[in-house]
Amino acid sequence: MSLTIGHIEYSNCTPIFTALQRSMDCSGYSFVRGVPAHLNRLLAMGEIDVCPSSSIEYGKYPDRYLVLPDLSISAVGPVKSVLLFSRVPLECLEGAVIGMTTESDTSVNLLRIILTTFQGFTNSFERTPLPLAEALDSYPALLLIGDRALKGALTGGGYHIYDLGDLWYRATGLPFVFALWLVRREAAENKPHEVARLAADVARAKRIAYDSYPEIAAQAPEREWIDSAVLVDYWRTISYDLTPAHLKGVRLFYDYAASLGVLPAAPDVRLYGESGGV
């Protein structure tokens, strides 16, 4: 049996997937590409088996998934690709309507926590697909993630730019986990050997990637719009690990999300391979 794996079309996934596809036998894997929100839907519907998925997806449906150990897409401080672009300083956003990306739910809810819980603001939020400059004609601030955020920061524009990973770390002292590698429980039960193999392959790919950023960047498709040295620096700001500190950060995020009514309750995080984790 084969496994269907979601591949997020952001440059923060390029190192792991490049190392996986170049260094491992992927004949038993098929890959489906998309942005996080789209892949979350496919994972929820059972159309893919495994995906580095928005951490809020696990928070909403913990009974559907298990978390692959030692893997995440996280920030311990700035992340450089989850950015709030604003025409005014952050402290002037009280009561404002904030524009938000349509591509992610985790970052949207992180922004809610930062503004509501950390800043004490009362804001409303609207999804918008508009490009950065057009959106900031309609909203005082816009949240962008992934490559759109990176490109926005590179082009400048004279905006105030706030890194949500940095704002979280300053408030909590903990990593922020934007994505967890989620496997559907049905896949873990029905394809145990395949899932075990993938977990080992991705963990090995992570170690290869950590040692190979310049080589990966030299061949990366992102080279069309970003310098390889800047790309390597970006990858080095990201943590692809899932340590006890990362898990503490995930649980705190879930606590805050539950307090805002985003989640009905803060769930336990069940790791694949642990007791109760198939």
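In what order do the five strands of the open sheet stand?

1. The model is predicted. Its open sheet of five strands runs in the order S7-S6-S8-S5-S9. The pairing is mixed. In general, strands of a sheet pair through backbone hydrogen bonds, either parallel or antiparallel.

2. Look at the edges next. Strand S7 (124-127) stands at one edge and strand S9 (160-163) at the other. Each has a single partner strand, so one side of each is left without a neighbour in the sheet. Neighbouring strands are turned by 25° against each other on average, direction ignored.

3. Now take one pair. Strand S5 (residues 82-86) and S9 pair in the antiparallel sense, over four bridges. Tyr-162 of S9 is the bridge partner of Leu-84.

4. A helix joins the picture here. H7 packs on the sheet and touches S5, strand S8 (141-145) and S9. The direction of H7 makes about 60° with that of S9.

5. H7 (residues 164-172) also packs with helix H4 (residues 106-118). Their angle is about 45°, and their axes are 11 Å apart. The crossing is left-handed.

6. Which residues of H4 and H7 make the contact? H4 gives Ser-107, Leu-110, Leu-111, Ile-113, Ile-114 and Phe-118. H7 gives Leu-164, Leu-167, Trp-168, Ala-171 and Thr-172. Nine of the contact residues are nonpolar and two are polar. No charged residue takes part.

Technical notes
Residues are numbered from 1 along each chain as its sequence is written. This is a predicted model: local features need pLDDT of at least 70, side-chain atom pairs count only at pLDDT 80 or more; totals for chains, interfaces and linings use all residues. Side-chain values use heavy atoms; hydrogens and water are left out. Axes are lines fitted to C-alpha atoms, for helices over the stretch in contact, and angles run from 0 to 180 degrees between N-to-C directions. Helices (H or I, at least four residues) and strands (E, at least two) are DSSP runs, numbered from the N terminus. A crossing is left-handed if the near helix is turned anticlockwise from the far one by less than a right angle, and right-handed if clockwise. Contact means heavy atoms within 4.5 Å. Ala, Val, Leu, Ile, Met, Phe, Trp, Tyr, Cys and Pro count as nonpolar, Asp, Glu, Lys and Arg as charged, and the others, Gly among them, as polar. Two strands pair if DSSP finds at least two bridges between them.
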